[in-house]
Protein chains: 2
Amino acid sequence: MAEARFDVLGIGSAIVDIIARADEGTLADLGLIKGTMALTDAAKAKAIYDRMGSAIEVSGGSAANTMAGIASLGGSPCFIGKVGPDKLGEIFAHEIKAVGVEFHGGEARPTQRPTATCLILVTPDGQRTMNTFLGACTELGPTDIDPELLKAAQVTYIEGYQWDTPAAKEAIRKSCHTVKSAGRQVALTLSDPFVADRHRAELLGLVRDDVDILFANQDEIFTLYQVSDLDAAAARLREAKVLAIVTRSAEGAMVFDGKTTLTVPAAPVAKVVDTTGAGDLFAAGFLYGYTHGRDLAHCARIGAMAAAEVIGHMGARPEVPLRDLMAKNGL
Amino acid sequence: MAEARFDVLGIGSAIVDIIARADEGTLADLGLIKGTMALTDAAKAKAIYDRMGSAIEVSGGSAANTMAGIASLGGSPCFIGKVGPDKLGEIFAHEIKAVGVEFHGGEARPTQRPTATCLILVTPDGQRTMNTFLGACTELGPTDIDPELLKAAQVTYIEGYQWDTPAAKEAIRKSCHTVKSAGRQVALTLSDPFVADRHRAELLGLVRDDVDILFANQDEIFTLYQVSDLDAAAARLREAKVLAIVTRSAEGAMVFDGKTTLTVPAAPVAKVVDTTGAGDLFAAGFLYGYTHGRDLAHCARIGAMAAAEVIGHMGARPEVPLRDLMAKNGL
C-alpha cells in the first residue's frame, strides 16, 4: 500500500457557526431541545436568529472541526465539504486552510445555494443547542469526492449528519467502497441522537459492513442500539466488530475494542464555557493518536485533552496549538 | 426643544471585521503600516486575506462600535450605515440590534454591493492594522439619512472615515446643517491620521464651522493641525472653539474645553490583547456621560474604562455589560 498522504480525510458539512449565549427560557420559547442539532429552513432560522443575542461567527462543521483539531495536533488532514459562492464560503475555506487542512470545496459542481450556517445557543451550563440551515451542503454528491483523495488517507472520517442529505449519503456509500477496496479504514461519528434514531437501519448496516472506528456519545449509542446501559451497548459493539469510542461528558470516555474495555477519565476543565465541538475534538485527538501508532488508551487521553481545550472557550475550533498543549501534558 | 429620543446618533461605515493575529513580518511583507487603516480593493483584500491566519468574524465599524458601547452603558443610541443584501449584512444588522442600537441600514436605496469587511491584523503588541473593503458603504448618500432621526438625537456622531466616500460626505454635510438648525450637537472623530491628512482642509472647515465635540488621538490631532506638540494643538483647538478629547493610549486622555485642560489617566488593563475599538469605546463612554449630564472629567473616566474593557479581548465591541462594569468601579 502506498504511504498515506493524509492521516485522516473528513467528509462533512461545511458550516459557519453563529454562536450566542441564551437562557433556558429562550430554548423553551423556541421549542428547541437542549444539546441536540435540528435542521431548520430559512423561516425557522430567521425566527431563531431574531431571538438570539449578540453572536460571534466562526467556522464550524463537525468533521471540519475534527480535521482542524488534527492539524492543530501536527497531523495531515484533508476535508471535503461544499460551500456556497458567497463570503461565508470564502471565510470557511480560508479558515480551514489557515489552520493547515487541505480543503476540497466541491469545485467540480458549483452550487448556487448559500453556505450553510448553524445557529448555536449556548446556555449558562455551557451546553450547546444547534440549528442548522444546510444550504450548499445539500448538494454534496458523488462527483465532489475524488477517489484519489480517499485512497491517500489512512482513515476516512464521516459524519452521521450526512445521512440527512440523500446525495451525500450516496457519495459516502460509494466512498466507503473505495476506501475499503484500497485497504484503508472508515471512521464514523453518529453525530446526534436524533440522527441515530432517524437513520437507525442504515447506520446499523454501515457500522456492521463498513465502519472500522465508531465515535458516539452515550445518548447516541443507546439510541442507535435501543439499549439503556453500557453493557448492552458493549455487547452490540462486539457483534459489530467495530472499534468504538463512547464519550460520556464529565465521566470521560470508554473504548471498546472487541476484547477489552478501557475507561479514560475526562481531562480537567477550569470552566465549561461552551461544549460546541467537544465530541469533534475528542475524535480529532483519538484519530491523531491512532494514525500515529499510539495505543488506544493514549489515543483516548489525547482526545480527552483536545476536548477539554475546546470546552473552555466559545467556538468549536482550538484556540491554542494542540500540539503544544499535548507536549506540556506529557502526551 | 423636544426631548431627545436618542442620546447619540452615529453615522458611519457598517463593517464586519475579520480579525487574525499576525506577526510584524507579515505586515512588512504586505506593506502595511501598523496602527493605521488603509482602503483596499478586492484584489488587495484577497492578497492580504491569503496571508492571514485563522480569524474570527465580528461586527465592527468605528461609529457602530461607539453606538454599541453606548447601548452597553445603558444609553439610547441609533446608527445609520449601509449594508449589502447578503449574509454579512444580516449579521451586521442582527448584532447592532441585539445589543440595543436602533439601526437604519439605508433601506431607502438598496445596494447591490457586498457588505463592507475589514481585515484586521493584530500584532503581538496588541496593535491593530486595518484594511477596509468599503463595498456597500460607498453608497451611503443623503437620501439614506432621515432628518427626523437627526433631530431626535442630542448628539450626532460622525466618522472622519466618511470623508473617503464622496456621497457620504455630502450626506453628512447636509446632516450637520439639520443638526445645527435643530439646536442639537455634532461630534466628529478624526478616525485615522491618514484620513486627517487626506482631507485636512475639509475637516478643518468642518471642525471650525459645525463640530461641537472632537475626538482624536494624538497622532491624528498633530496631523490635522500639522503641529508636533500638545500645547500647539491646544492653541488651535481653542481657536476652533471646540470641545476636544485627545486620547494618548497608555498615557490616558486630555480634554480641552477652551478654558482649561483636564488630564485623565488610562484605566488599568491586565493585558493588551487587541486595541481594535479602543478609540471607539472611549468615545462611547465619553458621549454616554456627556448626554447624561456628567462633568467632563467623569465623562473621560467612563471613556477610559470602556476603552480598557475592549482592549482586553479580541474584537471591538464590549464583551461584558459596560453599565455593570462602571457600577462596579464607582462610575
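**Strand β9 of chain B and the two-fold axis**

Let me begin in chain B, where β9(B) and strand β10 (residues 185–189) pair in the parallel sense over five bridges, strands being DSSP runs (E, at least two residues; helices are H or I, at least four) numbered from the N terminus, and pairing requiring at least two DSSP bridges between them. What you see is a predicted model, in which local features need pLDDT of at least 70 and side-chain atom pairs count only at pLDDT 80 or more, while totals for chains, interfaces and linings use all residues. Residues are numbered from 1 along each chain as its sequence is written, and chains are lettered from A and ligands numbered from 1 in the order in which they are written.

Within that pairing, E159(B) stands opposite T189(B) of β10(B). β9(B), helix α6 (residues 166–181) of chain B and β10(B) form a right-handed β-α-β unit, right-handed meaning that, with the strands pointing away from the viewer, the path from the first strand over the helix to the second runs clockwise.

β9(B) also pairs in the parallel sense with strand β1 (residues 6–11) of chain B, over five bridges, and there A153(B) is the bridge partner of F6(B). Strand β9 (residues 153–159) of chain B is mostly covered, with seven of its seven residues buried, that is, with 20 or more other C-beta atoms, placed from the backbone, within 10 Å of their own.

Turning to the two copies, a rotation of 180° with 0.0 Å of shift along its axis superposes chain A on chain B, with an RMSD of 0.0 Å, by least squares on C-alpha atoms of residues with pLDDT of at least 70 in both. That is the relation of a two-fold axis.

Notes:
Buried ≥ 20, exposed ≤ 12 C-beta atoms within 10 Å, placed from the backbone.
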